[in-house]
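Please consider the sequence and the three-dimensional structure shown below.

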Amino acid sequence: MISRRKMLASLGAGAGGLVLSGCDRLDGSETFRGVLRSSEGLTMRAQRLISDRTALAREFSPSDMSPVFRSNGTAMPGTSAYQAHLASGFRDWRLRVDGLVRRPLSLSLQQIRAMPVRTQITRHDCVEGWSAIGKWHGVPLKLLLDAAGLRQEARYLVFHCADLYGTNPYYESIDLIDGFHPQTILAWGMNDAMLPVPNGAPLRLRVERQLGYKHAKYVERVEAVATLAGIQGGKGGLWEDNSDYEWYAGI
Ligand SMILES: Nc1nc2c(c(=O)[nH]1)N[C@H]1C(S)=C(S)[C@@H](COP(=O)(O)O)O[C@H]1N2
Ligand SMILES: [Mo]
(Lines give C-alpha, C1' and ligand atoms only; values in the text may rest on other atoms or scores of the structure.)
(Ligands and ions follow the chains in the order given, each with its own letter.)
Protein backbone atom coordinates (compact mmCIF):
# COMPACT_ATOMS: atom_id res chain seq x y z
CA MET A 1 0.00 0.00 0.00
CA ILE A 2 1.32 3.35 -0.95
CA SER A 3 1.90 5.74 1.93
CA ARG A 4 0.36 9.16 1.99
CA ARG A 5 3.81 10.68 2.05
CA LYS A 6 4.98 8.75 -1.00
CA MET A 7 1.79 9.51 -2.79
CA LEU A 8 2.21 13.22 -2.22
CA ALA A 9 5.79 13.00 -3.37
CA SER A 10 4.85 11.04 -6.46
CA LEU A 11 2.29 13.62 -7.35
CA GLY A 12 5.29 15.83 -7.77
CA ALA A 13 3.72 18.40 -5.52
CA GLY A 14 5.48 21.70 -5.36
CA ALA A 15 5.69 23.90 -2.29
CA GLY A 16 2.14 23.06 -1.21
CA GLY A 17 2.85 19.36 -1.33
CA LEU A 18 5.98 19.72 0.72
CA VAL A 19 4.08 21.52 3.42
CA LEU A 20 1.44 18.82 3.47
CA SER A 21 3.90 15.96 3.64
CA GLY A 22 5.73 17.78 6.39
CA CYS A 23 2.48 17.68 8.31
CA ASP A 24 2.37 13.90 8.22
CA ARG A 25 4.48 13.56 11.31
CA LEU A 26 4.64 16.91 13.00
CA ASP A 27 5.44 16.11 16.55
CA GLY A 28 8.91 14.94 17.29
CA SER A 29 10.17 15.46 13.76
CA GLU A 30 13.34 17.46 13.30
CA THR A 31 11.51 19.80 10.95
CA PHE A 32 8.83 20.67 13.48
CA ARG A 33 11.30 21.26 16.27
CA GLY A 34 13.28 23.40 13.90
CA VAL A 35 10.20 25.48 13.20
CA LEU A 36 9.58 25.88 16.92
CA ARG A 37 13.10 27.13 17.42
CA SER A 38 12.81 29.58 14.55
CA SER A 39 11.57 33.10 15.04
CA GLU A 40 8.30 32.13 13.40
CA GLY A 41 7.93 29.33 15.93
CA LEU A 42 8.57 31.74 18.76
CA THR A 43 5.87 34.07 17.52
CA MET A 44 3.51 31.13 17.18
CA ARG A 45 4.11 29.98 20.73
CA ALA A 46 3.90 33.48 22.13
CA GLN A 47 0.62 34.01 20.34
CA ARG A 48 -0.81 30.76 21.69
CA LEU A 49 0.28 31.76 25.19
CA ILE A 50 -1.34 35.16 24.88
CA SER A 51 -4.62 33.90 23.48
CA ASP A 52 -4.80 31.34 26.29
CA ARG A 53 -4.21 34.08 28.84
CA THR A 54 -7.02 36.27 27.52
CA ALA A 55 -9.56 33.42 27.53
CA LEU A 56 -12.35 33.74 30.07
CA ALA A 57 -12.55 31.69 33.25
CA ARG A 58 -15.68 29.55 33.47
CA GLU A 59 -18.72 31.33 34.86
CA PHE A 60 -21.39 29.42 36.76
CA SER A 61 -25.10 29.82 37.43
CA PRO A 62 -26.65 30.84 40.77
CA SER A 63 -27.60 27.23 41.55
CA ASP A 64 -23.89 26.31 41.54
CA MET A 65 -22.99 28.77 44.29
CA SER A 66 -21.43 27.31 47.45
CA PRO A 67 -23.76 27.62 50.46
CA VAL A 68 -20.82 28.97 52.44
CA PHE A 69 -17.86 30.82 50.99
CA ARG A 70 -15.16 30.36 53.58
CA SER A 71 -12.44 32.83 54.44
CA ASN A 72 -8.75 32.09 54.30
CA GLY A 73 -5.65 33.93 55.49
CA THR A 74 -6.49 37.17 57.23
CA ALA A 75 -10.13 37.36 58.35
CA MET A 76 -9.83 40.67 60.23
CA PRO A 77 -6.93 43.09 59.69
CA GLY A 78 -5.57 44.07 63.08
CA THR A 79 -4.22 47.56 62.45
CA SER A 80 -5.79 50.52 64.22
CA ALA A 81 -6.14 52.29 60.85
CA TYR A 82 -8.28 49.44 59.49
CA GLN A 83 -10.28 49.22 62.71
CA ALA A 84 -11.05 52.95 62.48
CA HIS A 85 -12.22 52.60 58.85
CA LEU A 86 -14.39 49.63 59.78
CA ALA A 87 -15.93 51.52 62.70
CA SER A 88 -16.92 54.43 60.44
CA GLY A 89 -18.31 52.25 57.65
CA PHE A 90 -15.30 53.09 55.43
CA ARG A 91 -16.58 56.66 55.06
CA ASP A 92 -13.08 58.19 54.91
CA TRP A 93 -11.41 55.17 53.32
CA ARG A 94 -9.82 55.80 49.92
CA LEU A 95 -8.39 53.61 47.17
CA ARG A 96 -5.27 55.09 45.67
CA VAL A 97 -4.18 54.28 42.12
CA ASP A 98 -0.70 55.63 41.58
CA GLY A 99 2.87 54.86 40.53
CA LEU A 100 3.50 54.99 36.77
CA VAL A 101 0.24 56.74 35.88
CA ARG A 102 -0.53 60.14 34.39
CA ARG A 103 -3.44 60.93 36.72
CA PRO A 104 -3.11 59.43 40.21
CA LEU A 105 -6.54 58.60 41.65
CA SER A 106 -7.93 58.71 45.15
CA LEU A 107 -11.42 57.23 45.19
CA SER A 108 -14.00 56.75 47.90
CA LEU A 109 -15.97 53.52 48.15
CA GLN A 110 -19.02 55.45 47.05
CA GLN A 111 -17.24 56.65 43.90
CA ILE A 112 -16.07 53.11 43.11
CA ARG A 113 -19.55 51.69 43.59
CA ALA A 114 -20.95 54.35 41.24
CA MET A 115 -18.75 53.03 38.41
CA PRO A 116 -19.98 50.35 35.98
CA VAL A 117 -20.43 47.02 37.78
CA ARG A 118 -19.44 43.61 36.54
CA THR A 119 -21.06 40.60 38.25
CA GLN A 120 -19.57 37.13 37.80
CA ILE A 121 -20.05 33.73 39.44
CA THR A 122 -16.69 31.96 39.50
CA ARG A 123 -14.81 29.23 41.29
CA HIS A 124 -12.05 30.18 43.69
CA ASP A 125 -9.26 27.61 43.99
CA CYS A 126 -6.89 27.78 46.96
CA VAL A 127 -3.57 25.90 46.84
CA GLU A 128 -4.33 24.59 50.30
CA GLY A 129 -6.86 22.29 48.69
CA TRP A 130 -10.30 23.86 48.80
CA SER A 131 -12.54 25.53 46.24
CA ALA A 132 -15.73 27.55 46.48
CA ILE A 133 -18.08 29.14 43.96
CA GLY A 134 -19.16 32.67 44.72
CA LYS A 135 -20.75 35.68 43.07
CA TRP A 136 -18.69 38.84 42.84
CA HIS A 137 -19.70 42.42 42.12
CA GLY A 138 -17.10 45.01 41.30
CA VAL A 139 -15.54 47.54 38.98
CA PRO A 140 -13.49 46.21 36.06
CA LEU A 141 -9.88 47.08 36.88
CA LYS A 142 -9.49 48.23 33.27
CA LEU A 143 -11.77 51.19 33.95
CA LEU A 144 -9.57 52.38 36.82
CA LEU A 145 -6.42 51.88 34.75
CA ASP A 146 -7.92 53.82 31.85
CA ALA A 147 -8.96 56.62 34.20
CA ALA A 148 -5.47 56.79 35.72
CA GLY A 149 -3.71 56.50 32.34
CA LEU A 150 -0.81 54.05 32.56
CA ARG A 151 2.56 55.36 31.50
CA GLN A 152 4.48 53.56 28.76
CA GLU A 153 6.95 52.06 31.26
CA ALA A 154 4.27 50.37 33.39
CA ARG A 155 4.52 46.55 33.30
CA TYR A 156 2.97 45.31 36.56
CA LEU A 157 0.24 46.28 38.98
CA VAL A 158 0.97 45.90 42.67
CA PHE A 159 -1.91 45.54 45.13
CA HIS A 160 -1.07 46.86 48.59
CA CYS A 161 -3.29 45.49 51.36
CA ALA A 162 -4.31 46.66 54.82
CA ASP A 163 -3.40 43.48 56.73
CA LEU A 164 0.02 42.73 58.16
CA TYR A 165 1.93 39.46 58.41
CA GLY A 166 4.35 40.32 61.18
CA THR A 167 5.47 43.73 60.00
CA ASN A 168 4.91 43.09 56.27
CA PRO A 169 1.68 44.13 54.62
CA TYR A 170 0.11 41.47 52.39
CA TYR A 171 0.71 42.37 48.78
CA GLU A 172 0.34 40.80 45.36
CA SER A 173 1.00 41.72 41.74
CA ILE A 174 -0.17 40.85 38.25
CA ASP A 175 0.92 41.83 34.75
CA LEU A 176 -1.06 43.95 32.33
CA ILE A 177 -2.58 40.95 30.50
CA ASP A 178 -4.40 40.04 33.69
CA GLY A 179 -4.81 43.71 34.62
CA PHE A 180 -6.92 44.36 31.52
CA HIS A 181 -8.63 40.94 31.45
CA PRO A 182 -12.42 41.46 31.33
CA GLN A 183 -12.98 39.33 34.45
CA THR A 184 -10.37 41.13 36.54
CA ILE A 185 -12.36 43.27 38.94
CA LEU A 186 -11.98 45.05 42.23
CA ALA A 187 -14.94 43.59 44.07
CA TRP A 188 -16.87 45.53 46.72
CA GLY A 189 -19.74 43.01 46.82
CA MET A 190 -20.16 39.29 47.21
CA ASN A 191 -23.23 37.05 46.86
CA ASP A 192 -25.59 40.03 46.41
CA ALA A 193 -24.39 41.82 49.56
CA MET A 194 -21.58 44.13 50.57
CA LEU A 195 -18.24 42.33 50.76
CA PRO A 196 -17.87 40.83 54.26
CA VAL A 197 -14.76 41.65 56.29
CA PRO A 198 -13.45 38.04 56.29
CA ASN A 199 -13.51 38.14 52.47
CA GLY A 200 -11.65 41.44 52.11
CA ALA A 201 -13.90 44.44 52.81
CA PRO A 202 -14.13 47.03 51.51
CA LEU A 203 -12.35 46.00 48.28
CA ARG A 204 -10.61 42.88 46.99
CA LEU A 205 -9.11 41.72 43.75
CA ARG A 206 -10.66 38.97 41.63
CA VAL A 207 -8.19 37.72 39.05
CA GLU A 208 -10.11 34.70 37.87
CA ARG A 209 -7.44 32.92 35.82
CA GLN A 210 -5.15 32.56 38.84
CA LEU A 211 -5.08 30.73 42.18
CA GLY A 212 -6.54 32.08 45.42
CA TYR A 213 -3.49 33.71 46.94
CA LYS A 214 -3.26 36.13 43.99
CA HIS A 215 -6.71 37.56 44.90
CA ALA A 216 -5.55 40.32 47.24
CA LYS A 217 -8.09 41.27 49.91
CA TYR A 218 -8.29 44.62 51.80
CA VAL A 219 -6.75 46.43 48.79
CA GLU A 220 -6.05 50.08 49.51
CA ARG A 221 -3.55 50.94 46.81
CA VAL A 222 -2.88 49.85 43.24
CA GLU A 223 0.59 50.84 42.15
CA ALA A 224 1.75 50.66 38.53
CA VAL A 225 5.43 49.75 38.31
CA ALA A 226 8.06 48.87 35.70
CA THR A 227 9.66 46.16 37.82
CA LEU A 228 8.85 44.19 40.96
CA ALA A 229 12.42 44.49 42.22
CA GLY A 230 12.64 46.64 45.32
CA ILE A 231 9.09 45.97 46.50
CA GLN A 232 9.35 43.99 49.76
CA GLY A 233 11.21 40.76 48.87
CA GLY A 234 11.13 41.55 45.14
CA LYS A 235 9.20 38.45 44.05
CA GLY A 236 5.88 40.19 43.56
CA GLY A 237 3.89 38.92 46.53
CA LEU A 238 4.04 38.04 50.20
CA TRP A 239 3.75 34.31 49.49
CA GLU A 240 6.19 34.48 46.60
CA ASP A 241 8.72 36.20 48.88
CA ASN A 242 8.28 33.76 51.76
CA SER A 243 7.40 30.36 50.27
CA ASP A 244 7.76 28.36 47.08
CA TYR A 245 4.51 29.73 45.64
CA GLU A 246 4.98 30.85 42.05
CA TRP A 247 4.40 34.45 40.95
CA TYR A 248 2.33 33.26 38.00
CA ALA A 249 -0.35 30.95 39.37
CA GLY A 250 -2.47 30.43 36.24
CA ILE A 251 -5.40 28.03 36.24
N1 LIG B 1 -4.82 40.78 52.08
C2 LIG B 1 -4.91 39.44 51.98
N3 LIG B 1 -5.32 38.88 50.84
C4 LIG B 1 -5.43 37.54 50.71
C5 LIG B 1 -5.04 36.67 51.75
C6 LIG B 1 -4.61 37.27 52.98
O7 LIG B 1 -4.28 36.60 53.96
N8 LIG B 1 -4.55 38.66 53.04
N9 LIG B 1 -5.13 35.30 51.58
C10 LIG B 1 -5.18 34.81 50.20
C11 LIG B 1 -5.56 33.41 50.06
S12 LIG B 1 -4.37 32.23 50.31
C13 LIG B 1 -6.78 33.04 49.61
S14 LIG B 1 -7.20 31.43 49.26
C15 LIG B 1 -7.86 34.04 49.43
C16 LIG B 1 -9.02 33.69 50.33
O17 LIG B 1 -10.11 34.52 50.06
P18 LIG B 1 -11.36 34.43 51.02
O19 LIG B 1 -10.91 34.78 52.40
O20 LIG B 1 -12.38 35.36 50.46
O21 LIG B 1 -11.83 32.98 50.98
O22 LIG B 1 -7.45 35.35 49.72
C23 LIG B 1 -6.12 35.64 49.35
N24 LIG B 1 -5.88 37.05 49.54
MO1 LIG C 1 -5.18 30.30 49.34
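This is a predicted model: local features need pLDDT of at least 70, side-chain atom pairs count only at pLDDT 80 or more; totals for chains, interfaces and linings use all residues.

The mean pLDDT of the protein chain is 88, and 80% of the residues reach 70 or more. Residues 4-29 form a stretch where the pLDDT is below 50; in the model this stretch has 12 contacts beyond near neighbours in sequence.

The protein chain has 251 residues, of which 43% count as buried. Its secondary structure consists of nine helices and 10 strands. Among contacts in the protein chain with a separation of 6 or more, 66% are accounted for by residues 24 or more positions apart.

Five strands make up an open sheet, arranged in the order β2-β1-β10-β5-β6, with mixed pairing. At its edges lie β2, residues 105-107, and β6, residues 168-175, each of which pairs on one side only. On average, neighbouring strands of this sheet are turned by 20° against each other, direction ignored.

How do β1 and β2 pair? Strand β1, which comprises residues 95-99, pairs with β2 in the antiparallel sense, over three bridges. One bridge joins Leu95 to its partner Leu107 in β2. A helix also packs on the sheet: α7, formed by residues 141-148, touches β1, β2, β5 and β6. The direction of helix α7 makes about 130° with that of β2.

Strand β5 spans residues 156-165, and its pairing with β6 is antiparallel, over seven bridges. Tyr165 has Asn168 in β6 as its bridge partner. The two strands β5 and β6 form a hairpin, and two residues stand between them. In the turn, Gly166 has a positive phi of about 65°.

Is β6, as an edge strand, mostly covered or mostly exposed? Strand β6 is mostly covered, since six of its eight residues are buried, where buried means under 20% relative accessible area. In a regular strand, the side chains alternate between the two faces of the sheet.

How values were computed:
Residues are numbered from 1 along each chain as its sequence is written. Chains are lettered from A and ligands numbered from 1 in the order in which they are written. Side-chain values use heavy atoms; hydrogens and water are left out. Two strands pair if DSSP finds at least two bridges between them. Helices (H or I, at least four residues) and strands (E, at least two) are DSSP runs, numbered from the N terminus. Axes are lines fitted to C-alpha atoms, for helices over the stretch in contact, and angles run from 0 to 180 degrees between N-to-C directions. Contact means heavy atoms within 4.5 Å. Buried means under 20% relative accessible area, exposed over 50%, partly exposed in between (1.4 Å probe, protein chains only). pLDDT is the predictor's confidence in each residue, from 0 to 100.
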